[in-house]
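Trainee: Hi! Could you walk me through this structure before I start clicking around?
Mentor: Happy to, let's bring it up.

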Amino acid sequence: VMQTITIGLLGLGTVGGGVVKLLQEHAAKIEQTTNVHFVLKRVAVAHLDKPRNVTLPDDTILTDQLDEVLNDPEIQVIVETMGTINLARQAITQAIYNHKSVITANKDLLAIDGPRLAQLAKSRHVDFLYEASVAGGIPILRVLSSSLATDQISQVTGIINGTANYILSAMTSNNVSYDKALMNAQKKGYAEANPTNDVKGIDTANKLSILSQFAFGKALDPNKLGIRGIENITAAQLASANHFGYTIKLLAIAKRLANKLYTFVGPTLIAHNDPLAQVDGVQNAVAVESNALGSSVYTGPGAGAKPTANSILSDLAAAANDILDYDCGSEFNNYHNELEPYNLTTVPQSYLVTTYGASAKPNSTVNWQGEFNGNNYWSGLTPVISHQELESLLKSFPKSSAVSYLPVYNTAKL
C-alpha cells in the first residue's frame, strides 16, 4: 500500500530548488523504492515575488511566513535549506517541539549546535538528519554511521571545501595568482562574494567537527581548532612542493591515538601518488583509515543543487521509513566517546620551509631532505622535527627575509 508523507520546505534557493526538482524528476523511483508518495504542501521563502527558475507542484503553497509551515499539523517532515544560523536554529527547534522530523544541510549551525539539537529531537521522538551538511553529494555520514559502524576508525582526512580546492587547483595547474583564481571562482559561481568562511578554513573546520562525531564519537569546537587558510599560499610554495613530488591541498585531519584525538585544518603538502592529490576543482573527498577496511576513499561533488538535494532526499526516505514504522527519534549518530582533543601542529612532523628574497640557505643544523632554489626564493624539506625545532629554525633565518612553512601530510609522529 502506497503511503503519503507530507513535507514542508524552508528556503527555495539553490539547494531548496534542487529538492523540489528531484522530488518531481525522481518521483517514480522514489515511490517504488520507498513505497512513499511525498507531498510538498508548503514552501516558506523570504521574498514571495523573487523570480525563480523552479516550478512548484500545482497544490504547493508558497508563503513568506515560517509559522505557516512550522505549525501546520499535516506536515510531518521539515526540510531546512535556508541557511543562516539564528533563524534556522529557531525554526528547527520549533519544528522539533511540534513533533516534526527535521532534515537540514546547515553545517554552520550543526557545528555549533548539532549535538544539542540532536538531543532535543531524541527527547521529542523525531528524526534529525543532515547527510547533506558534509561533502554535499557524497553519502559520507551514512557510510560512517552504518557501513563502518562496526569498524574501528583511526583517521579521517577530507578535502571538504570545493571553493578552496578549486582555487588551489587553478593556482597549481594554470599558474595563476591567488587573487586571480579567487576572481575566476567567483565568476563561475564556485565562490561567494564574501569567501572568508571558505578560504580561511572555517567551513572546513565546521565540517570536520561533524565528521569527527561520526568517526570518533567526539564533537570538536571549531573555534578551538588551530585553523590556517589558503589566502597566503604563494607560487613559490606551489612550485617547490611540485619539485619535491607534492601538491598543496586544504586538508581537514582528525587522527585518533588511544583516547587522544589530534586535529588539523590547513594547507598541507600531499604526495602526487596519494588518491587525495588527484581530487581537483570543486570535487570533494574523504579518506578513512580503519582497522578492518584499511584505506578507503570517498569522492564526489561537494556542492551543487542536485548532488546536495540527493543527500537530502536520502534523509527524507530514511525519515519517512521511521515515521511509517513508528520508530522516530534514534540519533543519526549514536556513537559518543570522551576523547581528549589535541592540535596536530604540536606533534613532530616534516615541513616545507620557504624563504623569499635573497635565495640563501639558512644557517641551521637541519639535515635538509631536499632543497630547491627558485627565482628569488629558496625552499627546503625538513626531516621530522618537533614544533620547538621548527620555531627555532624559523628564528634562524635573517630578520629581513620573509619565511613561510607548510606541514607534510602523514609525517606526524604520534
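This is a predicted model: local features need pLDDT of at least 70, side-chain atom pairs count only at pLDDT 80 or more; totals for chains, interfaces and linings use all residues.

Trainee: Great. What volume does the largest pocket have?
Mentor: The largest pocket comes to about 1,400 Å³.

Trainee: And how many residues line the largest pocket?
Mentor: There are 50 residues lining the largest pocket. Nearest its centre you'll find Thr 14, Val 15, Gly 83, Lys 107 and Glu 192.

Trainee: Which elements give two or more residues to that lining?
Mentor: They are helix H1 (14–25), helix H5 (107–123), H7, helix H9 (196–199), helix H10 (202–216) and helix H12 (305–324).

Trainee: How does the lining of the largest pocket split by class?
Mentor: The lining has 18 nonpolar, 22 polar and 10 charged residues.

Trainee: You mentioned H1 and H12. At what angle do they pack?
Mentor: H1 and H12 pack at about 65°, and their axes are 8 Å apart. The crossing of H1 past H12 is right-handed.

Trainee: Which residues make that contact?
Mentor: On the H1 side they are Thr 14, Val 15, Gly 18, Val 19, Leu 22, Leu 23 and Glu 25. H12 brings Ala 305, Lys 306, Thr 308, Ala 309, Asn 310, Ile 312, Leu 313 and Leu 316. Sorted by class, the residues of this contact are nine nonpolar, four polar and two charged. Thr 14 and Val 15 are also among the residues nearest the centre of the largest pocket.

Trainee: Nice link. What about H7, which helix does it pack with?
Mentor: Look at helix H7 (residues 162–173) beside helix H8 (residues 178–187): the angle is about 125°, with the axes 9 Å apart. That angle makes H7 oblique to H8.

Trainee: Is the crossing of H7 past H8 left-handed or right-handed?
Mentor: H7 passes H8 in a right-handed crossing. In the contact, Tyr 166, Ile 167, Ala 170 and Met 171 of H7 meet Tyr 178, Ala 181, Leu 182, Asn 184 and Ala 185 of H8. By class, the contact has eight nonpolar residues, one polar and no charged.

Trainee: And H6 with H10, at what angle do they pack?
Mentor: Helix H6 (residues 140–147) packs with H10 at about 15°, and the axes are 9 Å apart. H6 and H10 are therefore roughly parallel to each other. H6 crosses H10 in a left-handed sense.

Trainee: Who meets whom in that pair?
Mentor: From H6, Ile 140, Leu 141, Leu 144 and Ser 145 meet Ile 210, Leu 211, Phe 214 and Ala 215 from H10. Seven residues of the contact are nonpolar, one is polar and no residue is charged.

Trainee: Switching topic: how many cavities of 30 Å³ or more does the structure hold?
Mentor: The structure holds one. The largest cavity has a volume of about 80 Å³.

Trainee: Where should I look for the largest cavity, which residues lie nearest its centre?
Mentor: Look for Ile 253, Leu 344, Gln 349, Tyr 409 and Asn 410, out of 13 lining residues. Strand S8 (246–257) and strand S9 (260–271) are the elements that give two or more residues to the lining. By class, the lining of the largest cavity has seven nonpolar, five polar and one charged.

Trainee: Thanks, now I know where to click!

Terms used. Residues are numbered from 1 along each chain as its sequence is written. Side-chain values use heavy atoms; hydrogens and water are left out. Axes are lines fitted to C-alpha atoms, for helices over the stretch in contact, and angles run from 0 to 180 degrees between N-to-C directions. Helices (H or I, at least four residues) and strands (E, at least two) are DSSP runs, numbered from the N terminus. Angles under 35 degrees count as roughly parallel, over 145 as roughly antiparallel, 65 to 115 as roughly perpendicular and the rest as oblique. A crossing is left-handed if the near helix is turned anticlockwise from the far one by less than a right angle, and right-handed if clockwise. Contact means heavy atoms within 4.5 Å. Ala, Val, Leu, Ile, Met, Phe, Trp, Tyr, Cys and Pro count as nonpolar, Asp, Glu, Lys and Arg as charged, and the others, Gly among them, as polar. On a 1 Å grid over the protein atoms alone, a cavity is a set of points where a 1.4 Å probe fits but cannot get out, and a pocket is an open set with protein on both sides within 12 Å along at least five of seven lines; lining residues have an atom within 4 Å of a point. Grid points are joined across faces, edges and corners, and a volume is the space filled by probe spheres set on the points.
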